[in-house]
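Please walk me through this structure. I want to know how its parts are held together and what the records say about them.

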Amino acid sequence: MPNSVSTPKVTRRTALAGLSAGAALLAMPRIGRAADETIRIGFPTPLTGPFAAEARDQVKCAELAVKLVNDKGGIGGRKVELLVRDDKLNAGEAATRTLELIEKDKVHAVVGALSSAVQLAVNEVTRARGVIYVSISQSDTINEAKDFSKFTFHEALNPHMTTAAVARQTLKKGMKVAHLVADYAYGHEMLRGFKRAQAAIGADSVGEILHPFGAADYSTFMPRLMSMRPDVLCISNFGRDQANAIKQAVDFGVKQQMKIVVPVILHNQRLAVGPDVFEGVVGGANYYWGLEAQSKSAASFNAAFKAANGGAIPTDYGAYGYSGVGSLLAAMQAAGGTDTDKVVDALEKLQYDLTKGPQHYRKCDHQSVQSVLVLESKKKSAMANENDLFAVLANEAGSDDMLRSCSELGHAT
Amino acid sequence: MDLSLIIMQLLSGIALGSVLVITALGLTIVFGMLGVVNFAHGALFMIGAYAGLYLASLTGSFWWGLLLAPIFIGVFGMLIEFVLIRRLYGRSIDDPLLLTFGLSYILVEGVRIVFGSDGIPFPTPQQLIGVLDLGIGFFPRYRLFVIVLVAVVLLALYLALEKTRIGLIVRAGARDPVMMQVLGVDIGRVWLAIFGLGVGLAALGGVLAGPMRSVNPEMGSLVLAEAFVVTVIGGLGSIVGAVVAGLMVGISISLVALFAPEMATIVMFALMAVVLLIRPQGLFGVRGRTA
């Protein structure tokens, strides 16, 4: 070792002093630290499995929401921490992880879950423990009186909203409609939404096929769907199921015969199978980065996301992570802390605009009232750049009219 | 329900069965000859799809990907046999099973790290896009191609095993490896080649499935379960069994999809249960075989 660098000599005395100081710090009563204790948000999401792409985007956006608040000094001086857990797309796993987050990690609130079935399991746990849960999964049942609690908030769109908006853009009176539906809660709710919407418009169902969730091959459903001779095929499934089902429908020449419509058109699945397959497919969405041309909040959300993620653009389901955590943090800010009752109160009064325009949680069922987009997948030759995926067919402003009424959901009005 | 619909449905089932056959064949050959239950078979199927996609984009042609990916991944399989599997011959059946199970995790994670966990588009080759008018309905050209290609591969494999000297050695080696060694055959090399062939078939299945399904790191896990079901129905180690059972499963799924679509994937397990009740050794299995 060169002479110029002197090695610090640790004497027995200083070592002892240091150790006792450290011990004293550790032994300090917890009460003393409570004022600057971090705020912990639990975030269960399916990091593995067929929804992993969407889940990862949600985590990135949720982390962004936390970072932006921390950069401004946190909430009342308290830093915010996001505790991400893999729910493995399994209701039991999600319930266990959520319970752990509440009991062991002492989270102040829970945001997350992507699958509608898993979200209900998370809601069961948070409801029983009196912890606020902001769901960012599409579901019709979570706002119904039987699943609802004052701790339950639903930031995502629900099947009723998206299917109605998509149907208004694509269905006309007298049209024949066939359905290919994933055989679980999400699919059933989307089917119910579409049927309700098509009845209002005056289009007729010519048949519906339920397919097993997570199937890799949809070819065996195609001959029968084509023999129904519909004008529109509604494919109500999610994640990789959507990519595979659309791809195989296109292989069978379905698009020459009928239009393909989905309740929710997924950014990542469009990327996974390419523009040729998705060309002309219409679906609903909560967010599309291209909104930045019209919306100031979209522009600033995109810019913040790009800065944090090496220039990448945020996706539809990612945006839920941002608005779900963002609205909760805004309410905590307004409530001046994490006191559950005060935060619930603040969430009910909150008017927020994080990604695309004004939103608020409806008082009776805590559903976020927000705009619904209807997107059409662009042709390859019409894409200005590789991120230019969709054309915005409609941007329906949020209103109570697009939701089922509170009394219909079973709430006292 | 008209006849043309049922015929179209049958054809869908045969196309589906063809991919099952080619994948199950690799699994059953390796088990039948080496006594190794290859749990990495699904992961190698997935690697095959990625390799096919990569080679196709490198050369600009799907056909090079289809030809080269099974060869490269087959050689990779031989490397696996040489470095890992070889050491476990003669030990109980669960040692190679655990080894390949672990290997499958490593392969899947490796692909996740290199290519990401999102799906990647695998375009259908230009010549096979679209549908063919069969008179009674339209059927995707690509799926017809898969049916034909699998038939050709099966025929070539049959001829190689039954009509060539190498085939004779392979069949004899499966029957009595000790006697083959006494006769001066380097049985280690035969096993190396067999494992490579099995892995190559998995990769071929993966490349063929690529343009039909989205290509992603988890695509092998579902296939592995299907391949095992087919292998069990056909009889462990039986080549004819894999072919018959693969088509049977494909057609059953397809016909059930017509009448009770939500039962479509359960039917193969029901079929397996029924076969096992009647013939515990599988349709073409040999009773009491413990390779």
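How many salt bridges does the rule find across the interface of chain B and chain A? The rule finds three. A salt bridge here is a side-chain nitrogen of Lys or Arg within 4 Å of a carboxyl oxygen of Asp or Glu. This is a predicted model, in which local features need pLDDT of at least 70 and side-chain atom pairs count only at pLDDT 80 or more, while totals for chains, interfaces and linings use all residues. Residues are numbered from 1 along each chain as its sequence is written, chains are lettered from A and ligands numbered from 1 in the order in which they are written, and side-chain values use heavy atoms, with hydrogens and water left out.

Start with the interface. Chain B brings 34 residues into contact with 31 residues of chain A; contact means heavy atoms within 4.5 Å. The area buried between the two chains is about 2600 Å², and carbon and sulfur atoms give 54% of that. Buried area is the accessible area (1.4 Å probe) that two parts lose on being put together, summed over both. The interface also has 11 residue pairs in polar contact, both residues at pLDDT 80 or more. A polar contact is a pair of N or O atoms within 3.5 Å; within protein, one must be able to donate a hydrogen and the other to accept it, and residues adjacent in sequence count only if both atoms are side-chain atoms.

On the side of chain B that touches chain A, the elements giving two or more residues are α1 (3-34), β2 (138-140) and α10 (239-259) of chain B. α1(B) gives the most, with five residues. By class, this side of chain B has 18 nonpolar, 11 polar and five charged residues. Ala, Val, Leu, Ile, Met, Phe, Trp, Tyr, Cys and Pro count as nonpolar, Asp, Glu, Lys and Arg as charged, and the others, Gly among them, as polar. Helices (H or I, at least four residues) and strands (E, at least two) are DSSP runs, numbered from the N terminus.

Now look at one pair that spans the chains. B:Arg143 lies in helix α5 of chain B. A:Asp217 forms a salt bridge with B:Arg143, with the closest N and O atoms 3.3 Å apart. Is B:Arg143 buried or exposed? B:Arg143 counts as buried, at 1% relative accessibility. Buried means under 20% relative accessible area, exposed over 50%, and partly exposed in between (1.4 Å probe, protein chains only). Leaving aside neighbours within four places in sequence, B:Arg143 is in contact with residues including A:Ser219, A:Phe252 and B:Met212.

Next, the salt bridges over all chains. The structure holds 32 of them. Side chains of opposite charge can pair when their charged atoms come close. Within chain A, A:Arg97 and A:Glu93 meet at 2.4 Å, N to O. These two residues are four apart in helix α3 (residues 91-103) of chain A, so about one helical turn separates them. A:Glu103 and A:Arg129 meet in another salt bridge, at 2.5 Å, N to O. A:Glu103 lies in helix α3 and A:Arg129 in helix α4 (residues 116-129) of chain A, so the pair ties together parts that are 26 residues apart in sequence. A:Glu103 is partly exposed at 41% relative accessible area, and A:Arg129 is partly exposed at 43%. A network of salt bridges links A:Asp140, A:Glu144, A:Lys146, A:Asp147, A:Arg192 and A:Arg404.

Turn to the records. An unreviewed UniProt entry gives "domain: Leucine-binding protein" for residues 38-380 of chain A. UniProt positions are given in the numbering used here, feature names are shortened, and annotations may be inferred rather than shown by experiment. Over that stretch, residues 38-380, chain A is 44% helix and 20% strand. For chain B, an unreviewed UniProt entry lists "transmembrane region" for stretches including 36-56 and 222-248. Residues 36-56 of chain B are 76% helix and 0% strand, with end C-alpha atoms 31 Å apart. Residues 222-248 of chain B are 85% helix and 0% strand, with end C-alpha atoms 18 Å apart.

Finish at B:Phe39. This residue lies in the loop between α1 and α2 (41-59) of chain B. B:Phe39 counts as partly exposed, at 22% relative accessibility. Beyond neighbours within four places in sequence, the contacts of B:Phe39 include B:Leu97, B:Phe101 and B:Phe228.
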